[in-house]
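Hi,

Here is the model I promised to pass on to you.

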Amino acid sequence: MVYEYVLAGVLVSLLSSVFFVIINNTFSEKKKDDVANVSATGVFLAPEIEKSTDVVIVGAGVAGAALAYTLGKEGRRVHVIERDLNEPDRIVGELLQPGGYLKLIELGLEDCANESIDAQKVFGYALYKNGNDTKLSYPLETYSSDIAGRSFHNGRFIQRMRERATTLPNVKLVQGTVTTLLEEKGTVKGVMYKNKAGEEMRTYAPLTIVCDGCFSNLRRSISTPNIENPSCFVGLILENCELPHANHGHVILGDPSPILFYPISRTEVRCLVDVPGTKVPSVANGEMAWYLKTVVAPQVPHQLLKAFLAAVDKGIIRTMQNKSMPAAPQPTPGAILLGDAFVAFNMRHPLTGGGMTVALSDIVLLRDLLRPLSDFNDAPALCDYLESFYTLRKPVSSTINTLAGALYKVFCASPDPARQEMREACFDYLSLGGICSNGPISLLSGICSNGPISPRQINLFLHFFAVAVYGVGRLMIPFPTPKRMWLGARLILSASGIIFPIIKAEGVRQMFFPATMPAYYRVPPVHQRTKTSRKHVC
């Protein structure tokens, strides 16, 4: 009996060993298959795309939330992944230009920027310099009384749009942090993300749209960014005070750089102090409060000074790095960048408040381009077709980008006498009124006309050099001298040194003559069109 038990034990051990070897080999092969499904960048390659989702959207900020609602309303099945679904608390993205509000109406989201979030109408700007001021009103005479800019708490605006998006049954909004784009043979198939519980998840779709903001960790996967950091914004909220010009943004041409004020509710005014460079005084040790009281406060309009000092004493001071980057598209099958990840693709200095206008204009354009397509499964053909997106968006985006970059450089103080003259000339030119103020402010508002010859850019170019010529003319009065003539020549060179690098970065041909670009005439792939498809004029 003992012999039989020993023999049985030996047989069981032998069988167990064989079983272990088989299992181990099976898992080793599975692991090899998984490794084989990883691209050179370490990204898992999906065997096939899920059929339950048409579009994955990374980020549910202004661009992501608006796009999710827009595509969902078009009948697309949308999966949105946002790193934090709590109400954002930002110091920018609070001013929507009239052109952006018109796009919001076009998307059916205008009720997200109304009295429900205590949004305030904005009718233009007031410009201050050395105690003088001039009011620049938007040319809205041909529009209904409701058309104006809007200013608000950024977080309230975003939450309202998220709520609207989730009312659609075909839009799924989840909290998670996207870590990687899933690629196969150069085509993006979806994303890998960690959900709220920290679990690693994968989701697949034929089209992935990255809208995860200016701090995007995915932009380098599908663009070649060259980001500049010209300055930082220091943000305060002034309470229970009235702006000198009601329902207007206020820009103080301060030293060393501009200071902004605009309403964000009935009782609150946002103050943004621009600090050049990448470093700001420390908030924690009191250096920032000292800087605001000694350097900034003497330049604040007296009507706002008391509220400004009270806000500094309150100690709720926020800072944010400003970023600037021209569009550098790198078409990738299965993916596209949008919004401030498009900041990943396309950013501008926030001085002019044009970011949301560009993002909403892009969403309207992208919606119209995708509308004729029944599905997005042919990634190479879709990528080729959507190259037109980068060309068609130029008339709006390049105008706002160029204006933001140029105005910021002109508005900053400089020890260079030519730059000082340019700054003085700009203020005086805008103060002339008529076409001298209506032209630039209409460009700033995003409501001027558009066409294949891009009158926006031509108007911008002409007004910019009109300022320079006006500055030279001022120097020649009462009579020219060699010193004044030399300063005038330097002023023209300084103006050229500001505007031409920005235009070059945006692309001369794409900016001024987009209709000469082949991508301007791309049509939807024939096999992907719906039966009722038609070409949309964007």
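A word on naming before the rest: helices here are DSSP runs of H or I with at least four residues, strands are runs of E with at least two, and both are numbered from the N terminus. Please keep in mind that the model is predicted.

The overall picture

The chain has 538 residues, and 54% of them are buried. Its secondary structure comes to 15 helices and 17 strands. If we take the contacts with a separation of 6 or more, 74% are between residues 24 or more positions apart.

Helix α14 covers residues 482–506, which gives 25 residues. From first C-alpha to last, α14 reaches 36 Å, close to the 36 Å expected at 1.5 Å a residue. Several residues of α14 are buried, among them Leu487, Gly488, Leu491, Ile498, Ile499, Ile502, Ile503 and Glu506. Just after α14 comes Gly507, with a positive phi of about 105°.

Helix α10 (residues 394–411) has 18 residues. The span of α10 is 25 Å between its first and last C-alpha, close to the 26 Å expected at 1.5 Å a residue. α10 is mostly covered, with 17 of its 18 residues buried. Is Thr399 buried or exposed? The relative accessible area of Thr399 is 1%, which is under 20%, so Thr399 counts as buried. Apart from neighbours within four places in sequence, Thr399 is in contact with Lys394, Leu443, Arg456, Gln457 and Leu460.

Two helix pairs

Two packed helices are described by the angle between their axes and the distance between the axes. I looked at two such pairs.

The crossing of α2 and α4 is left-handed. On the α2 side, the contact is made by Val62, Ala65, Ala66, Ala68 and Tyr69. On the α4 side, the contact is made by Asn154, Phe157, Ile158, Met161, Arg162, Arg164 and Ala165. By class, the residues of this contact divide into 9 nonpolar, 1 polar and 2 charged.

While you have α4 on screen, have a look at Arg160, which is also in that helix. Which residue is 48 positions from Arg160 in sequence, yet 5.4 Å from Arg160 in space, C-alpha to C-alpha? That residue is Cys112. Arg160 also touches Asp111, Ser116 and Ile117 as well as Cys112, not counting residues up to four places away in sequence.

The other pair is α6 (residues 287–296) with α7 (residues 302–314), which pack at an angle of about 165° with their axes 9 Å apart. Since an angle over 145 degrees counts as roughly antiparallel, α6 and α7 are therefore roughly antiparallel to each other. The crossing of α6 and α7 is left-handed. Here Ala289, Leu292, Lys293 and Val296 of α6 meet Phe308, Leu309, Val312 and Asp313 of α7. The contact of α6 with α7 has 6 nonpolar, no polar and 2 charged residues.

Best wishes

Notes
Residues are numbered from 1 along each chain as its sequence is written. This is a predicted model: local features need pLDDT of at least 70, side-chain atom pairs count only at pLDDT 80 or more; totals for chains, interfaces and linings use all residues. Side-chain values use heavy atoms; hydrogens and water are left out. The expected span of a helix is 1.5 Å times one less than its number of residues. Buried means under 20% relative accessible area, exposed over 50%, partly exposed in between (1.4 Å probe, protein chains only). A crossing is left-handed if the near helix is turned anticlockwise from the far one by less than a right angle, and right-handed if clockwise. Contact means heavy atoms within 4.5 Å. Ala, Val, Leu, Ile, Met, Phe, Trp, Tyr, Cys and Pro count as nonpolar, Asp, Glu, Lys and Arg as charged, and the others, Gly among them, as polar. Axes are lines fitted to C-alpha atoms, for helices over the stretch in contact, and angles run from 0 to 180 degrees between N-to-C directions. Angles under 35 degrees count as roughly parallel, over 145 as roughly antiparallel, 65 to 115 as roughly perpendicular and the rest as oblique.
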